[in-house]
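Hello,

Here is the structure I promised to pass on.

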Amino acid sequence: MYMISKTVEKAINEQIMREENSSRIYLSMASWSERNGFPGAADWLYTQTEEERIHMLKLVHYLNDRGGMAIIPALEAPVAKFKSLLDVFQLVLKHEEFISESINQLYAVCVKEKDFTTANYLQWYINEQIEEESTVRSILDLIKLAGPDKGGLFMMDKEFSTMATAKRAALAQSGGANAVT
Ligand SMILES: [Fe+2]
Ligand SMILES: [Fe+2]
């Protein structure tokens, strides 16, 4: 049976940890939004939590299928306090940029190890990151456009609900963690 190299296995396990961590960071943000009068943003962030969990699960399945051993890591508690909704989404963008960079590093490890199968598999994650960054940038534009007044933020929060519904539909259609990509 084909065995994935230890170097690639370790690098994928680090990404499993980061995707799980993303899920928990967004869960903390969702909870904050829910408590602070942004039900739409909370809806979107809770859905994002599910999506990151799927990103993690896909890598667990992939690694185990390739003869590696997925490690389910211990994680630190995520930040729980935020200054504003703008603050939350600025942190989301920063985090997604960090994740994009980490996927690129993982891809580089695979190429160096001549594991082109895994590199090919990671192409899905590379595309996903382009989409995630672009979505969060447009959300940030919306929040800035809405300004600090309640009316603007209320309208924008409704927009979030629409986006969350669309995201849930896309997740259901993609087949979740078991989808072949
Ligand atoms: Fe992710
Ligand atoms: Fe993400």
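First, a term: helices are DSSP runs of H or I with at least four residues, and strands are runs of E with at least two, numbered from the N terminus. Just after α2, Gly67 takes a positive phi of about 85°.

Some housekeeping. This is a predicted model, in which local features need pLDDT of at least 70 and side-chain atom pairs count only at pLDDT 80 or more, while totals for chains, interfaces and linings use all residues. Residues are numbered from 1 along each chain as its sequence is written, chains are lettered from A and ligands numbered from 1 in the order in which they are written, and side-chain values use heavy atoms, with hydrogens and water left out.

Now the pockets. On a 1 Å grid over the protein atoms alone, a pocket is an open set of points where a 1.4 Å probe fits, with protein on both sides within 12 Å along at least five of seven lines; lining residues have an atom within 4 Å of a point. Points are joined across faces, edges and corners, and the volume is the space filled by probe spheres set on them.

The largest pocket comes to about 350 Å³. Its lining has 18 residues, and Glu51, Glu128, Glu131, Lys167 and Ala170 are the closest to its centre. Helix α5 gives the largest share of that lining, six residues. By type, the lining holds eight nonpolar, four polar and six charged residues (nonpolar: Ala, Val, Leu, Ile, Met, Phe, Trp, Tyr, Cys and Pro; charged: Asp, Glu, Lys and Arg; polar: the others, Gly among them).

The second largest pocket has a volume of about 180 Å³. It is lined by Ile25, Met29, Pro78, Val79, Phe82, Leu91 and His95, that is, six nonpolar residues, one polar and no charged.

Leaving out residues up to four places away in sequence, Ser28 touches Pro78, Val79, Ala80 and Phe82 (contact: heavy atoms within 4.5 Å).

Best wishes
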